[in-house]
Amino acid sequence: SSSSAASDVYKRQDYDIDGVEDSLDACPNTPFDVLVDTQGCPNTGEVSTNITDHYLGQVTLKVGTDMSTDETYESVNSLNLYANYRYHHWDVSLSNARTTTNNSYTEDNSDSDNDIYLATGYTFMLPQSAIKLSIGSKFVDDTQNTTTTPRGRNFLNMHPITTQTTTQTIASRDNDYFASMNFDYLLNNKQNVFLYYGYTLSGDSTDTDYEDYSSFSLGTGYALTNAWYSALSYNYTGSIYPTGNAEQGLSWFNSYSFNKNLFATVAYTYALEDFSYDHTFSLALGVHF
């Protein structure tokens, strides 16, 4: 979704714009014109024997869930796994989202529970701003899939009256390839504005020609405390189908750091059209080391 795509903006907080993320910054209020070391403190040019000076990068692991509800469609839950390694301005991430709810029907085979997303990016640090450019791919998994197909449907509550279980092979589909840009501008040491834009080259399947599509997000965030960051954004994702409709929504995102290593995120998205789930709640727990 567009909200999850844009969430990469929120993962990096660097209010003094010294190139060192706040979770690693030992001197979080360094002036703009002062050069810093890998710890975010003024660089005196002296060589230290402290082992912390040997920077090995940062690993972030996160596990979470999305819960989508609607008055028309059946509710859907998913389990989300995310891993990221950052070394200075470079980073690489690996993620997977697995549906944990058995729906009564499947609309199409454009997504699989075993799809893997791999991306790498580079962040350019500018005065009071940062630009991150990323490229990546969605590796599609083709496996046997057991589905439950409704024979009939009660139109008062949209639940199937009777069902028939069948086993079918998901049609072979090419991988997706995507590129994105995150722009983050600091209005002051508490508030930022951000813009995300992504373009996806959709892989076709043996029975469907999918469309390439764009997605973008625009929003602003505010550090309510040193540990709590909150943001509002508008999200747009084009359709993968030639005659499909774009997804649009408003998101409220919150990140809270319990300490230097442990953090949690909570988000809510409200759909602005009738083709997506009306309400989506996202919860995640993560760790930096």
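Helices (H or I, at least four residues) and strands (E, at least two) are taken here as DSSP runs, numbered from the N terminus. L224, for instance, falls in the loop between β12 and β13 (228-237). The model is a predicted one, so local features need pLDDT of at least 70 and side-chain atom pairs count only at pLDDT 80 or more, while totals for chains, interfaces and linings use all residues. Residues are numbered from 1 along each chain as its sequence is written, and side-chain values use heavy atoms, with hydrogens and water left out.

First, the overall picture. The chain holds two helices and 16 strands. Of its 289 residues, 36% are buried, where buried means under 20% relative accessible area, exposed means over 50%, and partly exposed is anything in between (1.4 Å probe, protein chains only). With a contact defined as heavy atoms within 4.5 Å, 48% of the contacts between residues at least 6 apart in sequence join residues at least 24 apart. The accessible surface comes to about 16400 Å², and 58% of that belongs to carbon and sulfur atoms; these areas come from the Shrake-Rupley method with a 1.4 Å probe, and for residues only the protein chains shown count as cover.

Now to the sheet. Two strands are said to pair if DSSP finds at least two bridges between them. On that basis, 12 strands make a closed barrel in the order β1-β2-β3-β4-β5-β10-β11-β12-β13-β14-β15-β16, with antiparallel pairing. On average, neighbouring strands of this sheet are turned by 20° against each other, direction ignored; the axes are lines fitted to C-alpha atoms (for helices over the stretch in contact), and angles run from 0 to 180 degrees between N-to-C directions.

A hairpin of four residues connects β10 to β11, and F178 has T200 in β11 as its bridge partner. On its other pairing, β11 runs antiparallel to strand β12 (residues 213-223), joined by 10 bridges; here V193 sits opposite T220 in β12.

N192, F194, Y196, G198 and T200 are on the covered face, whereas Q191, V193, L195, Y197, Y199 and L201 are on the uncovered one. In a regular strand, side chains alternate between the two faces of the sheet.

The run carries on from β12 to β13 through a hairpin of four residues. Nine bridges hold these two antiparallel strands together, and S215 stands opposite T237 in β13. Then β13 and strand β14 (residues 247-257) are linked by 10 bridges, also antiparallel, with N235 opposite G249 in β14.

Over in strand β1 (residues 58-69) lies T65, which is partly exposed at a relative accessible area of 24%. Leaving aside residues up to four places away in sequence, T65 touches S78, N80, F281, S282 and L283.

Charged pairs come next. A salt bridge is counted when a side-chain nitrogen of Lys or Arg is within 4 Å of a carboxyl oxygen of Asp or Glu, and the total is four. One of them joins K132 and D91 (3.0 Å, N to O). K132 is in strand β5 and D91 in strand β3 (residues 90-99), so this pair ties together parts 41 residues apart in sequence. K132 is buried at 9% relative accessible area, and D91 is buried at 6%.

K138 has two such partners to report. D115 and K138 meet in a salt bridge (3.8 Å, N to O), linking the loop between β3 and β4, where D115 lies, to K138 in strand β5, 23 residues apart. K138 also meets D176 (3.6 Å, N to O); D176 is in strand β10 and K138 in strand β5, so parts 38 residues apart in sequence are tied together. K138 counts as buried at 4% relative accessibility, and D176 likewise counts as buried at 4%. Through shared partners, salt bridges join D115, K138, R173 and D176 into one network.
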